[in-house]
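This report covers a chain fold and the contacts between chains.

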Amino acid sequence: MIELIPHIVNGLTLGLLFALIALGFTLIVGVMEVINLAHGALFALGAYLAMTTIGGDWFGSSEFGVWWRELPLSTRYALGVVAGPLLAASVGMVLELCLRPTYGKPPLYGLLLTFGAALVIEELIRLIWGTGEQSLAVPRALNGAFFMGGLIFSTYKFFAAGFAIVAIGLVWLFLERTPYGATIKAGAHDSEMVRALGYDLSKLRLLVFGFGAALAALAGVVMAPIWGLRPHIGIDVIIPAFLIIVIGGVGSFWGAVLAALLVGLSVGITGAYAPAWSMLSMYLLLIAIVGFRSRGLLGRKSALEN
Amino acid sequence: MRMITLSDIPARGGSPMTPAMALFMLALATAPFWLPAVGLYQYLGIEVAIWLIFALGFNLLFGYIGLHSFGHGAYLGIGAYAFGLFQQEIMVSLWGGLLAAILAASLAGAVVGAFLSHRRGIYYALMTIGFGQIVWFCAIKLHGVTGGEDGLLGIPRPDLVVGPIRYSLADNYSLYWFVAAILALVVVALWRLVNAPFGRVLQAIRQNETRARFVGYNVWLIKWLTFILSTAFAGLAGGLFSMAQEGAYPDVMSLHQSGLIVMMVLVGGGLVSFWGPVLGVILYFVARDIIGGVTETWLLWFGLMFVIMVITRPEGLAGLLHVVGARLRKKSAPGAVPVRKEA
Amino acid sequence: MALFVAENLRKRFGARVVLENISLSIEEGSVHGIMGPNGAGKTTCFHVLTGHHRPDGGRITFDGRDITGKKPHQIARLGVSRSFQIMNLFDDTVVIENVILALKQFRRNGMNLLRDVFSDTKLIDQAIDVLDQVGLAHRAWEKAAELPYGERRALEIAVALAPEPRIVFLDEPTSGLGTEATRALAVLIRKLRARYTIVLIEHDMRFLFDLADRISVIHWGQVIDENTPDELQSNKWVARSALGEVA
């Protein structure tokens, strides 16, 4: 049992990271009943944009560029963490504008449109940054490893997991404790209600999509140092995000978090016995859970079921 | 203006003698003669024909009964591996291999379908992705059987044996004729199927599952059978594909490829027309070769085209052709809208 | 013995008990009304009787056969048919195909791949007959989605009649209809009662009292009264709702 502990710790950190990845995805599904297949692409885009911001190459040899590159890495990193998601959010908003003709049609069309958008974003990344693997620099304080109970743990992973907890907490507070959150949640269940409350539904959708895209990008920035940066990383991301919302139940915030932890744990623990097969465990988990509970752990009825 | 749907009453009952069918068969029969002339090559014809078998079978599930599978590449892959393994482990035989491909894919389809058929909508789609990923993952990890990421290499192209006649399929020219003949059979069979009572019931289930159940149809069973049927076609396509490629590789099973087949079917207009998948597959491969010849980032342009299509013409190419055709007809004969009105 | 009998049906969704205890007995050849306030469990009751929901307890028999817990298609094949409050039609296709799909004869040759749907004149004649019963024969080749509301309601009934059922459950057939259409529907149901046993959920009291032989009043998931329309006039709840206090 004791030898399992590092795997459990690993699994839990992985679970938190999965939760971070799924956060924006589940928000958009929950509120807008749109399956945003571009989530993975926005994740990658955010990370690439943050990388470029941190590197400062695009500012060229102008005075600003030179000044920028002389800033300490931690400052540039902090700015990159903000800039990546903000830029991705604007891309997300453009995507929402494109999605408008599909509202009121079968959910399939939204899904297809975002699939196309994912292709386009991925190809754009290839075009701008090339196909090779790149890395995102992190400040020294976050690098390295530490020993605990005779085992090595990566500092950055813990930073990322802590970051995930904070992000999950903030999003939850935002949804539960602010009037904006209340409106967003109302939008999820009852668009009539939102209109009755005097909010502009299309503005709300635009903001939610931007917010979801920013969360995807944020996850990308945080995950890039662990997974590396490749143009097609989006597809590696969309799958766990998918699994998590299905296992957790479409539209349930805590269902998604719980599912992410379960997926992380199952991958971590199977990793102890059969590392090559560890990723398979999440699919088996999906089938086991959804086989018994057709709406996942905490799902509610959704228009997407039709 | 009224849009066409899959469920419109066919102009000539269910007779396969339609202008579209004639045009299709003509193109199929003459392709080897003009493909090189327009700057394309023989192998493209084989590839398109194989993906047409896959796409048309897939549309039975996707368009006709309205079940959105996003993991169908898995069954194409299973067919490809089954064909290859049959050649390598059991015997070199064309019919045996194709039969093995169809059986393996439909067996997998029967198992997976049993988990899926009481669902629809988003959970159906997500479960198909889950199962598709499992198959893909196993294909990569089961080195001993599938050759892992490298795939199965050196799958032979067995000779075509019919009675005493033996015909080599080693060159792409003769393989094209074989694949085209199978495709022709598939097209006619599927055309019959979708216009026969069974096909109309599939469409009824798409339109209203609840109502279909309450007029006495065993909806679960029909959904299950349709899934199996579509995986059988995928398996057949997979067997032919491994013959064409002389190998079986895991990448056809990836989510990406499964997404592409959905995209092809939709761009072509598989939701509104039997011929939608045909248009979509041809467009995809031609775009790949022509735009791909000009720029490396052809998928960017194809993706953009797709996005614009979903926004402006969600009915796809078939829908577009219908609109253009109707406009032309209107110009030449104002007010003449053919509506069937007999009883 | 009654044609369709439900005894002590219970149904709950999670913590919410929708059907507490429902017993109904429907005589062959009668028109049986079901009334009660919104949320009383009338539609759920239909869902349970026709197999859409499985009851948590109780027994349903049709023509002496136990059909409790059977699937909708199995119950439908025995000769139990229904319409829906929210319309359930095959909207992409023409009116006549909605009916053809429901014909027993059509279902039987469902697997025959060599048959054609629209060149089978026998099936088409049969479907036209059914459409004629509800006055829709002239609309046969129009798209179901393009019919006006009242005619869609009529088609909903035609689809329920097509499988030649012995009993037809109609869930609020007058909902959304104007006075004229409601009157036409009453005429239709009077005509149909010669051929089918009919169970009606209805909000329109006058309509129901006019047509039904017996009426069950459902409230709080229970049958609180069951009687002929004349006798029921004296029921407290019915009297109140007749005065317009409860819709």
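Two residues are in contact if their C-beta atoms, placed from the backbone, lie within 7 Å. The model is predicted: local features need pLDDT of at least 70, side-chain atom pairs count only at pLDDT 80 or more, and totals for chains, interfaces and linings use all residues. Residues are numbered from 1 along each chain as its sequence is written, while chains are lettered from A and ligands numbered from 1 in the order in which they are written.

Chain B puts 28 residues into the contact and chain C 34 residues. On the chain B side, α7 (172-195), α8 (197-207) and α9 (209-214) each supply at least two residues. Helices (H or I, at least four residues) and strands (E, at least two) are DSSP runs, numbered from the N terminus. α8(B) gives the most, with 6 residues. By class, this side of chain B has 12 nonpolar, 10 polar and 6 charged residues. Ala, Val, Leu, Ile, Met, Phe, Trp, Tyr, Cys and Pro count as nonpolar; Asp, Glu, Lys and Arg as charged; the others, Gly among them, as polar.

## Contact between chains B and A

Here 30 residues of chain B touch 39 residues of chain A. α5 (121-141), α11 (255-268) and α13 (298-312) of chain B each give two or more residues to this side. The largest share, 11 residues, comes from α5(B). The chain B side divides into 19 nonpolar, 8 polar and 3 charged residues.

## Chain C

Chain C has 10 helices and 10 strands. Its C-alpha trace spans about 60 × 40 × 35 Å along the principal axes. Among contacts between residues at least 6 apart in sequence, 65% join residues at least 24 apart.
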